[in-house]
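Hi,

Here is the structure I promised to pass on. Have a look at it first, and then read on for my notes.

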Amino acid sequence: MSDFPVTPSVEPAETAPVEAAGGPVVFLTVWPDDDWASLRFRIARAPAPRVALEVPPDHPGPDPVLLRRLQRFAEGRGKALALIAPHREWRAMAREAGWAAFPTRAAALRHPWPAEA
């Protein structure tokens, strides 16, 4: 028996697609310990063509290189990405990397991104 508890890497509620303008979207929370591998895995497993990564207000902020790498990864799998972040600078950084970006989940649900983000 292992000394470490076995927990799912993706919460079931996180992976359920939500109907929105422009089609279904999956919302994934970005945690401070998430890295390229964990985010790549979670994006790949998301059961919708659109994936929104939600960054909590107390998060240290996104890395522009990571955003570009994730964008290329998602495009290769036919997925569109959006960043939901409270800070305007983070959203601008995401848009520069080719992502849709919104201040809230409600805004992401109202807009048919990526085409009109």
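Which side chain does the side chain of arginine 42 make a polar contact with? Aspartate 34 is the partner, and the distance is 2.8 Å. Before going further, please keep in mind that this is a predicted model.

Besides the contact with aspartate 34, the arginine 42 side chain reaches the backbone oxygen of threonine 29, at 2.7 Å.

Now to the strands. Strand β2 covers residues 50-54 and is mostly covered, with five of its five residues buried. Arg50, Ala52 and Glu54 point one way from the strand, while Val51 and Leu53 point the other way.

On one hand, β2 pairs with β1 (residues 25-29): the two run parallel and are joined by five bridges. Valine 25 is the residue that stands opposite arginine 50 of β2. To get from β1 to β2 the chain passes through helix α2 (residues 36-45), in a right-handed β-α-β crossover.

On the other hand, β2 pairs with β3 (residues 80-84), again parallel and again through five bridges. Here arginine 50 stands opposite alanine 80 of β3. The chain goes from β2 to β3 by way of helix α3 (residues 64-76), and this β-α-β crossover is right-handed too.

Last, helix α4 (residues 88-96). Which of its residues are buried? They are Trp90, Arg91 and Ala94. Seen down the axis of α4, these buried residues fall within an arc of 100 degrees, so they line one face of the helix. The face turned away from that buried side carries the exposed residues Arg88, Glu89 and Glu96. As for what covers the buried residues of α4, the list includes α3, β3 and β4 (100-102). After the helix comes glycine 98, with a positive phi near 95 degrees.

If you open the model, I would start with arginine 42 and its contact with aspartate 34, then move on to β2 and its parallel neighbours β1 and β3, and finish with the buried face of α4.

Cheers

Note on methods: Residues numbered from 1 in each chain as written. Predicted model: local features only at pLDDT ≥ 70, side-chain atom pairs only at ≥ 80, totals over all residues. Heavy atoms only, no water. Buried < 20%, exposed > 50% of the residue type's maximum accessible area, 1.4 Å probe, protein only. Helix = DSSP H or I, 4+ residues; strand = E, 2+ residues; numbered from the N terminus. Pairing = 2+ DSSP bridges. Right-handed = clockwise from strand over helix to strand, strands pointing away. Polar contact = N/O pair within 3.5 Å; in protein donor to acceptor, adjacent residues only side chain to side chain. Arc of directions from axis to C-beta. Contact = heavy atoms within 4.5 Å.
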